Amino acid sequence: MAMARGSSGLAYPERFHAAAAAYAGFDGSPPDPNSSKFSNEVALLLFALYQQAIVGPCKIPKPRSWSPVEQSKWTSWNGLGNMASTEAMRLFVKILEEEDPGWYSRASNFVSEPVIDGDMNHNPKAESIIENGNTFPETKTIPIENGNLSDAWDKDAVSESFGAVSVYDQWVSPPVSTPRLKARYEHGAAVIDDKMYIFGGNYNGRYLSDLQALDLKSWTWSRVEVKAAGGEASPVPVAPLAGHTLVPWEGTKLISIGGHMRNPSESVQVMVFDLQMHTWSTLKTYGKTPVSRGGHSVTLVGTSLVIFGGQDANRSLLNDLHILNLETMAWDEVDTLGMPPSPRSDHAATIHAERYLLVFGGGSHTACFNDLHVLDLQTMEWSRPTQQGEIPSPRAGHAGVAVGENWFIVGGGNNKSGVSETVVLNMSTLAWSVVTTVQGHVPLATEGLSLVLCSYNGEDIVVSFGGYNGRYNNEVSVLKPSHKSTFQSKVIETPADSVSAVQNATNATRDMESEYGMGQDGKITEIVMDNVESEPTVNKVEETSECLLAALKAEKEEVESSLSKEKLQTLQLKQDLTDAEAHNSDLYKELQSVRGQLAAEQSSCFKLEVDVAELRQKLQGMETLQKELELLRLQKAASEQALSAKQRQSSGGVWGWLAPPPPSQRDDA
């Protein structure tokens, strides 16, 4: 057995290019299968280091696209600053060595002699079709009759049990045990702990209220026991309904929102089933509750439910938006910006990057739609982006489920027939592709079916149940999405759109679909993760790349002009700031001077107050002395008068006895 030569002795930059091409799948070469184990952070860093090593520092403007993936890649590259190209190469290889020290053994693209591995199992190459210069995997068609998928299984793909299915992107029927539950459509479906729960629905015009569970390991149906609030069995716990939505919550609860009933209420009914207590209860909500409706969409975003559209009890179509906070149980009717979707029901909705609500299709009383609308839940603004690829036909009553950044749409109808294609939308590029097509009168081409995502043997699988296409169905179908993304867009983005960066998978088990990188000549080239390359595709991408570069240059000139104006304004603001600071300094000095003067005045005032207090004390003492002086004067005057009278008496002698005193003296006596 010939083995690949080790590349551990390669020098830079050959060592870097060997790592990039042989392991990471850059330079247009196919990626290594083990690259799917990269986390999102490592994939972003590898992309940024590759761009830094080949192109240099990030000079392109920040993407204006609504896709957070593009923004993350630009941020990662721009964050490297002016890192040298050689340093970026060294770090690129270092990260690969840390993630997988044996990458050297796979550097076979950089050896001169051919490499032959006799132990490798070579699978025959799948046939492909070429359209408009692009190569795509051939759409697989499963001939099915009488609504039974079991006979259509590929015998090479299925052996003994469902766990042996080794093909991807094909619908098969698992070995579900009997008896099966009653056929129905417009029911609710949700998955908790490897069980798919089916609640309610419509059968032959009758609304149902039973709760059934399908064990996704043993593929057996069982009816869920429902108890009353007091713990006793309750054969009719809730009113029968259809057109509602079932949402898993907190790992032990099922929330049912809305639905059509025989005797509808005025507002939307929110019920919860506790899987531990086996009881139904009506949730008490607050705020302005939406009107009752069915055929609406309910999307779980964090801890909130986003409800859009539907049809009320009077068959009036709706396009209003409401949000129920599951922590506060408060309703919020949202006023949105932009042009919302037209009133509709039986559409599909999902969430992307925990920020963007996508709404596709649906129908009115007279028509079906195939339009795509996006609501930014941060700005609450609607937009209708341009769809790429194989745009699905108009439909209503279809079901959808998101697997990573891919949104699978199954079933639906157009008032004439059921839709047989299973399609997928890459929510980062908004490109549609056909996964597979079924033929015949089958449950997958029905309206009102349910679609859920669950895990089986460590892999994601999509499970479909029920529906109506002239008859009611109770079939279960399973599709295993391919881990390697084979859904390539047939339309390259126009220069008017934002430049797409490397599409980084949001699920760690999936590879990146396509990447846009800079080649050594500075041109933007599309890095297609397929083994098949076509010359027309490369030429078309190069032509588109030149247009993109021209658009980028024009945008760069506009940004530079705006930057010059901003610099002038910044200089003027700096001068104004300097003047303001100088004026502020003068005012501060003046304030300090005034404060000093005020302190001196306060000191003088204090001294004066002390002097006044002393003078007041002295004044009070003087008043006392004056009173004493007056008293002494009175005493002196009285003493002098008494002394004078005594002297007069003593000076009269004998004559005083003989002669009478003068009249004045007699009067005094």
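His296 counts as buried because its relative accessibility is 7%, where buried means under 20% relative accessible area, exposed over 50% and partly exposed in between (1.4 Å probe, protein chains only). The model is predicted, so local features need pLDDT of at least 70 and side-chain atom pairs count only at pLDDT 80 or more, while totals for chains, interfaces and linings use all residues. Residues are numbered from 1 along each chain as its sequence is written, and side-chain values use heavy atoms, with hydrogens and water left out.

The side chain of His296 comes to 3.1 Å from the backbone oxygen of Ile257. Beyond its neighbours within four places in sequence, His296 has contacts (heavy atoms within 4.5 Å) with residues including Gly243, His244, Thr245, Ile257, Phe308 and His347.

Turning to the whole protein chain, seven helices and 31 strands make up its secondary structure; helices (H or I, at least four residues) and strands (E, at least two) are DSSP runs, numbered from the N terminus. Of its 669 residues, 43% are buried. Among contacts between residues at least 6 apart in sequence, 58% join residues at least 24 apart. The chain exposes about 35,800 Å², with 52% supplied by carbon and sulfur atoms, as given by the Shrake-Rupley method with a 1.4 Å probe.

Helix α2 covers residues 40-54, and its end C-alpha atoms lie 21 Å apart, in agreement with the 21 Å that its 15 residues should span at 1.5 Å a residue. That expected span is 1.5 Å times one less than the number of residues. The helix is largely enclosed by the rest of the structure, because 12 of its 15 residues are buried. Among them are Leu44, Phe47, Tyr50 and Ile54. Just past α2, Gly56 adopts a positive phi of about 110°.

Strands β15 (residues 304-312) and β16 (residues 317-325) pair antiparallel over seven bridges, pairing being assigned if DSSP finds at least two bridges between two strands. Leu305 faces Leu324 in β16. Four residues separate β15 from β16 in their hairpin, where Arg315 has a positive phi near 65°. Strand β16 is also joined to β17 (residues 330-333), in the antiparallel sense, by four bridges, with His322 opposite Glu333 in β17. This hairpin of β16 and β17 has four residues between the strands, and Met329 in the turn shows a positive phi of about 55°.

How values were computed:
A polar contact is a pair of N or O atoms within 3.5 Å; within protein, one must be able to donate a hydrogen and the other to accept it, and residues adjacent in sequence count only if both atoms are side-chain atoms.
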